[in-house]
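Please look at the sequence and the structure shown here, and then follow the paragraphs below, which lead from the ligand to the space that holds it.

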Amino acid sequence: MTMDLFAADDASSLPDETLAPGAMVLRGFALPYQDALWADLQRVTAEAPMRHMITPGGFTMSVAMTNCGLLGWLSDETGYRYDRVDPDSGKAWPAMPASFASLATRAAEKAGFPGFTPDACLVNRYTPGARLSLHQDRNERDKRAPIVSVSLGLPAVFLFGGTKRTDKTIRVPLQHADVAVWGGPSRLNYHGVLALKEATPHHLIGGVRVNLTFRKAA
Ligand code: MD3
Ligand code: FE
């Protein structure tokens, strides 16, 4: 019998999957949005450039970040928090583009979380070698809302663990335009991203990986 999981027109080449209760990967879900997302991201980064934040432990993060929406995620010597003001400009973060918000709402709905209206979008940019060590996302006030993440550009390996740091982790490959939704019982699971490998540049995004994470932070 011939498997039809990897049909020729499935750009992601991997099937959608539920990783744990509340955690779903929607393969290629962002493909119809990719040009709008990329154009809108250029406007966001023109206003709030990517920067390498400092961890509370005094290390410079290998992942470069910026934000859009009402609230932006920040790290500095004093800790992690959300703030309405970009400390580099002293101004509010750029507004969340409509293309970003509608993709996030539709993906959340498909994964079983209707009515998701994010007020924060953290933009992460990985160059080869950049990584995100195992952590929980717990700075958001409303833990009932899911987090939606959109992968663009080079592929990466995502580490998905349990609710304790020492729980077993699984490795999940994430490709261009894959969208993941993390909510319900998975909302506080530990997770991270392995060091990005050098690869042939993506035709739209180039030789980097960009991840958009949508949150309800207020
Ligand atoms: C699993 N970013 O910015 S988002 C982050 O690819 C972050 O840049 C990763 O982790 C990235 O905090 C992955 C995926 C994600 C976000 C929240 C989660 C996975 C999650 C919350 C619970 C479980
Ligand atoms: Fe995270």
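What follows describes the ligand, its surroundings and the pocket.

This is a predicted model, in which local features need pLDDT of at least 70 and side-chain atom pairs count only at pLDDT 80 or more, while totals for chains, interfaces and linings use all residues. Residues are numbered from 1 along each chain as its sequence is written, chains are lettered from A and ligands numbered from 1 in the order in which they are written, and side-chain values use heavy atoms, with hydrogens and water left out.

Ligand 1 is surrounded by 20 residues, the closest being Asn124, Tyr126, Trp182, His191 and Arg209, where a residue is near a molecule if one of its heavy atoms lies within 4 Å of it. By class, this shell holds eight nonpolar, eight polar and four charged residues; Ala, Val, Leu, Ile, Met, Phe, Trp, Tyr, Cys and Pro count as nonpolar, Asp, Glu, Lys and Arg as charged, and the others, Gly among them, as polar.

Which element gives the most to the shell around ligand 1? It is β13, with four residues, and strands here are DSSP runs (E, at least two residues) numbered from the N terminus.

A pocket is an open set of points, on a 1 Å grid over the protein atoms alone, where a 1.4 Å probe fits, with protein on both sides within 12 Å along at least five of seven lines, and its lining residues have an atom within 4 Å of a point. The largest pocket is lined by 39 residues, among which Leu132, Ser133, His135, Gln136 and Asp137 lie nearest its centre. Its lining has 17 nonpolar, 14 polar and eight charged residues.
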